[in-house]
Amino acid sequence: MKLLKSWIGRQVFKMREIVVDIETTGLDPKKGDKIIEIACLELINHIPTDQYFHEYVNPKGKEISEGAFKVHGISNDFLNEKPIFDEVADNFLEFIGESP
């Protein structure tokens, strides 16, 4: 009971975090490597919620390196009909919102 009383009146804060996973055509943006997949999961107080963001992205002619393909298994053929980054960027930023 003492522990319960110590929690009464305390303000509970919600900490929002976004876990982000990005796949790319390779590892060097200076050589034109591009994002081909964005996946995000929202956590509140370290617990996953049902809020997520996921998009595949067409790299607009940039070939996926053999090494990158071995890591994620995503092919250029698979991405041909997917939206380009400019078409998904606003939705991605909206999902991230004001999260630090």
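1. A polar contact is taken here as a pair of N or O atoms within 3.5 Å, where, within protein, one must be able to donate a hydrogen and the other to accept it, and where residues adjacent in sequence count only if both atoms are side-chain atoms. By that rule the side chains of E42 and T49 make a polar contact of 2.7 Å.

2. On provenance, this is a predicted model, in which local features need pLDDT of at least 70 and side-chain atom pairs count only at pLDDT 80 or more, while totals for chains, interfaces and linings use all residues. Residues are numbered from 1 along each chain as its sequence is written, and side-chain values use heavy atoms, with hydrogens and water left out.

3. The protein has 4 helices and 3 strands, with helices (H or I, at least four residues) and strands (E, at least two) being DSSP runs numbered from the N terminus. Read from the N terminus on, the elements follow the order α-β-β-β-α-α-α. Of the 100 residues, 27% are buried, where buried means under 20% relative accessible area, exposed over 50%, and partly exposed in between (1.4 Å probe, protein chains only).

4. A salt bridge requires a side-chain nitrogen of Lys or Arg within 4 Å of a carboxyl oxygen of Asp or Glu, and the count by this rule is 3. In one of them R16 pairs with E42, with the closest N and O atoms 2.6 Å apart; this pair links distant parts of the chain, since R16 lies in strand β1 (residues 16-24) and E42 in strand β2, 26 residues apart. E42 counts as buried because its relative accessibility is 10%, whereas R16, at 27%, is partly exposed.

5. D33 and K62 form another salt bridge, its closest N and O atoms being 3.9 Å apart. Here too distant parts of the chain are linked, with D33 in the loop between β1 and β2 and K62 in the loop between β3 (47-56) and α2 (66-72), 29 residues apart. D33 has 19% relative accessibility and therefore counts as buried, while K62, at 24%, counts as partly exposed.

6. The salt bridge of E66 with K70 has its closest N and O atoms 3.3 Å apart. Both residues lie in helix α2, 4 residues apart, which is about one turn of the helix, and both E66 and K70 are exposed.

7. Which side chain of opposite charge is nearest to E37, a buried residue without a salt bridge? The nearest is K82, 10.0 Å away, where Lys and Arg count as positive and Asp and Glu as negative, and His and the chain ends are not counted.

8. Two surface patches deserve a look; patches are made of residues with over 30% relative accessible area and no salt bridge, like charges being joined within 9 Å and nonpolar side chains (Val, Leu, Ile, Met, Phe, Trp, Tyr) within 5 Å. D86, E87, D90 and E94 form a negative patch, in which E94, part of helix α4 (residues 85-96), is exposed because its relative accessibility is 63%. V19, L41 and Y52 make a nonpolar patch of about 300 Å², with areas from the Shrake-Rupley method; L41, in strand β2 (residues 35-44), is partly exposed at 32%.

How values were computed: Accessible areas come from the Shrake-Rupley method with a 1.4 Å probe; for residues, only the protein chains shown count as cover. The place of a charge is taken as NZ of Lys, CZ of Arg, CG of Asp or CD of Glu.
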